[in-house]
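Please consult the sequence and the structure shown below alongside the text.

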Amino acid sequence: MDNIILFAVTSVTVIGAVCAAMLCIASKAMAVKVDERIAKIEAALPGSNCGACGFPGCGGYADALVNLPGTKPNLCPPGGAAVAEQIGEIMGTKAEALERTVAVVRCLGDRDALQKKMDYTGIPTCYAAKEMFSGEGACAFGCLGYGDCLLACPNEAIHLHNGLARVIPSLCISCGLCVKACPNHIISMEKESIATEVLCNNIEKGAVVRKKCGFGCIACRKCAKECPADAIAVEDNLAVIDHDKCTACGHCAEICITHSIQKMALKQ
């Protein structure tokens with residue numbers, strides 16, 4: 001009996017040792033080599049995993065930089081120029097200049113300016129309010145005021161003031177998560193160098209807009225006619241500024257009848 005037990009134990013031990021050796025050999029033979037630059041790049045990235053670079057998180061971007069030829073090292077808005085420079089050094093390339101962008105809420109319709117059409121008592125989120133007749137405000141194109149963008153912001157750069165979302169430029173990390181969270185699509189990422197912006201998203205006719213919001217663009221075309229750089233056009237009843245043409249004179253903001261065009265101060 002003792003011999004049988006000893007034989008069984010020995011057999012199991014030998015089989016285990018052989019299997020372990022086979023697994024060890026297989027792990028080395030089938031190992032996938034990982035470029036050490038991926039880990040270095042991922043360590044340099046801010047780790048916000050926001051997807052603003054166009055890839056699935058910081059790990060996905062780091063992998064693409066090494067394994068996908070043509071991927072630029074300056075695609076991380078939260079990291080900015082400093083991170084782009086670090087990536088350039090790791091990859092042995094020169095990073096192109098990257099201008100910081102800031103989230104801009106294109107609406108001025110707070111509770112004092114916006115007419116109400118009903119009392120909304122549903123789920124207190126912008127998405128839910130959008131599904132229920134676009135919320136309680138008469139304007140269906142403005143800020144819904146329940147803070148879905150605030151909840152999406154990883155750096156507390158957005159706050160609600162009198163029912164209107166507002167961005168603190170110095171805290172914005174350019175991730176763009178608020179843009180994705182807004183069901184009315186009134187938040188956009190703009191270069192911090194822009195001088196003026198049309199803070200309205202309503203494309204209805206001017207007479208209709210006047211009845212709904214005190215700060216809505218009424219498409220009067222005064223800004224377009226008087227712009228010395230021909231940088232403003234009215235499209236779908238809404239003034240649009242071509243920032244490449246804009247000379248930052250600020251004249252449009254000064255003459256705007258409804259003050260829907262505002263001077264911007266986005267730089268840190």
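Predicted model: local features only at pLDDT ≥ 70, side-chain atom pairs only at ≥ 80, totals over all residues.

Which residue in strand 7 is the bridge partner of alanine 233? The partner is valine 240.

## The hairpin of strands 6 and 7

Strand 6 (residues 232-235) and strand 7 (residues 238-241) run antiparallel and are joined by four bridges. Two residues lie between the strands of this hairpin, in which aspartate 236 adopts a positive phi near 55°.

The side chains of strand 6 alternate along its length.

## Burial of helix 3

Helix 3 is largely enclosed by the rest of the structure, because eight of its 11 residues are buried. These buried residues are Gly57, Cys58, Gly60, Tyr61, Ala62, Ala64, Leu65 and Val66. Helix 2 and helix 4 (80-91) are the elements against which the buried residues of helix 3 pack.

## Helix 2 against helix 3

Two packed helices are described by the angle between their axes and the distance between the axes. For helix 2 (residues 36-44) and helix 3 (residues 57-67), the angle is about 135° and the axes are 9 Å apart. Helix 2 is therefore oblique to helix 3, and the crossing of helix 2 and helix 3 is right-handed.

On the side of helix 2, the contact is formed by Arg37, Ile38, Ile41 and Glu42; on the side of helix 3, Gly59, Ala62, Asp63, Leu65, Val66 and Asn67 take part. The residues of this contact comprise five nonpolar, two polar and three charged. Ala62, Leu65 and Val66, which meet helix 2, are also among the buried residues of helix 3.

## Helix 2 against helix 4

The axes of helix 2 and helix 4 cross at roughly 170° and come within 10 Å. Because angles over 145 degrees count as roughly antiparallel, helix 2 and helix 4 are roughly antiparallel to each other.

Helix 2 contributes Arg37, Lys40, Ile41 and Ala44 to the contact, and these meet Val83, Gln86, Ile87, Ile90 and Met91 of helix 4. By class, this contact holds six nonpolar, one polar and two charged residues. Arg37 and Ile41 of helix 2 meet residues of helix 4 and also take part in the contact with helix 3.

Methods. Residues numbered from 1 in each chain as written. Heavy atoms only, no water. Axes fitted to C-alpha atoms, helices over the stretch in contact; angles between N-to-C directions. Parallel < 35°, antiparallel > 145°, perpendicular 65-115°, else oblique. Left-handed = near helix turned anticlockwise from the far one by under 90°. Contact = heavy atoms within 4.5 Å. Nonpolar A, V, L, I, M, F, W, Y, C, P; charged D, E, K, R; others polar. Buried < 20%, exposed > 50% of the residue type's maximum accessible area, 1.4 Å probe, protein only. Pairing = 2+ DSSP bridges.
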